[in-house]
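Biologist: I would like to learn how to read the features of a structure one at a time. Please give the general idea, then the case at hand.

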Amino acid sequence: MEYEMRAEYAEGASPRDPEPRFEVWHITRLDQTTALCGRELDPDGVTQTTDAWGTPAGQPLCHACGASYIHQVPLDIT
């Protein structure tokens, strides 16, 4: 199964705003809008690969999504 990170925006903000107010990254299954934590995200929200997980580009990250992700995907810690 493939995953991606999808942005959640601040309350009242939208990815269609000229300067959308970003809130937090969530992890979803590829091309899905329901985060692993159960939150429904805007289908137009910015996405990035899960390669950003654990890096400054992937912060802040929803803790519930992060916990679920590490239980679903074996991480290569070398």
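This is a predicted model: local features need pLDDT of at least 70, side-chain atom pairs count only at pLDDT 80 or more; totals for chains, interfaces and linings use all residues.

Biologist: Which residues of the largest nonpolar core touch the most other members?

Modeller: In soluble globular proteins, nonpolar side chains tend to be buried together. A nonpolar core is a set of buried Ala, Val, Leu, Ile, Met, Phe, Trp, Tyr and Cys residues joined through side-chain atoms within 4.5 Å. Buried means under 20% relative accessible area, exposed means over 50%, and partly exposed is in between (1.4 Å probe, protein chains only). Here the largest nonpolar core has 18 residues, and Tyr3, Met5, Ile27, Leu36, Cys65 and Tyr69 touch the most other members.

Biologist: Which helices and strands each supply at least two residues of this core?

Modeller: Helices (H or I, at least four residues) and strands (E, at least two) are DSSP runs, numbered from the N terminus. Strand E1 (3–9), strand E2 (22–29) and helix H1 (63–72) each supply at least two residues of the core. The largest share, 4 residues, comes from E1.

Biologist: What is tyrosine 3 in contact with?

Modeller: Contact means heavy atoms within 4.5 Å. Leaving aside neighbours within four places in sequence, the contacts of tyrosine 3 include Ile27, Leu36, Thr50, Tyr69 and Val73.

Biologist: How many salt bridges are there?

Modeller: Side chains of opposite charge can pair when their charged atoms come close. A salt bridge is a side-chain nitrogen of Lys or Arg within 4 Å of a carboxyl oxygen of Asp or Glu. By this rule there are 4 salt bridges. One of them joins arginine 39 and glutamate 8, at 3.5 Å from N to O. Arginine 39 lies in the loop between E2 and strand E3 (47–49) and glutamate 8 in strand E1, so this pair ties together parts that are 31 residues apart in sequence. Arginine 39 is partly exposed at 43% relative accessibility, whereas glutamate 8 is buried at 15%.

Biologist: Which residues are linked in a network of salt bridges?

Modeller: Arg16, Asp42 and Asp44 are. The closest N and O atoms are 3.2 Å apart for arginine 16 and aspartate 42. These two are 26 residues apart in the chain, arginine 16 in the loop between E1 and E2 and aspartate 42 in the loop between E2 and E3. For arginine 16 and aspartate 44, the closest N and O atoms are 2.7 Å apart. Arginine 16 is exposed, at 54% relative accessibility, while aspartate 42 is partly exposed at 23% and aspartate 44 is partly exposed at 46%.

Biologist: How many disulfides are there?

Modeller: A disulfide is a pair of cysteine sulfur atoms within 2.5 Å. The count is 0. The sulfur of cysteine 37 is 3.8 Å from the closest cysteine sulfur, that of cysteine 65, which is too far for a bond. Cysteine 65 is buried, with a relative accessible area of 0%, whereas cysteine 37 is partly exposed at 33%.

Biologist: Is threonine 28 buried or exposed?

Modeller: Threonine 28 lies in strand E2 and is buried, with a relative accessible area of 0%.

Biologist: What does a polar contact of serine 68 join?

Modeller: A polar contact is a pair of N or O atoms within 3.5 Å; within protein, one must be able to donate a hydrogen and the other to accept it, and residues adjacent in sequence count only if both atoms are side-chain atoms. Serine 68, in helix H1, has a side chain joined to that of glutamine 72 by a polar contact of 2.8 Å.

Biologist: How many aromatic pairs does the structure hold?

Modeller: A pair of aromatic rings is described by the distance of the centres and the angle of the planes. Rings of Phe, Tyr and Trp (its six-membered ring) pair if their centres lie within 6.5 Å; planes under 30 degrees apart count as stacked, over 60 as edge-to-face and the rest as tilted. The structure holds 3 aromatic pairs. Tyrosine 3 and tyrosine 69 form an edge-to-face pair, 5.5 Å centre to centre with 80 degrees between the planes. Tryptophan 53 and tyrosine 69 form a tilted pair, at 5.7 Å and 55 degrees. Tyr3, Trp53 and Tyr69 form one aromatic cluster.

Key
Residues are numbered from 1 along each chain as its sequence is written. Side-chain values use heavy atoms; hydrogens and water are left out.
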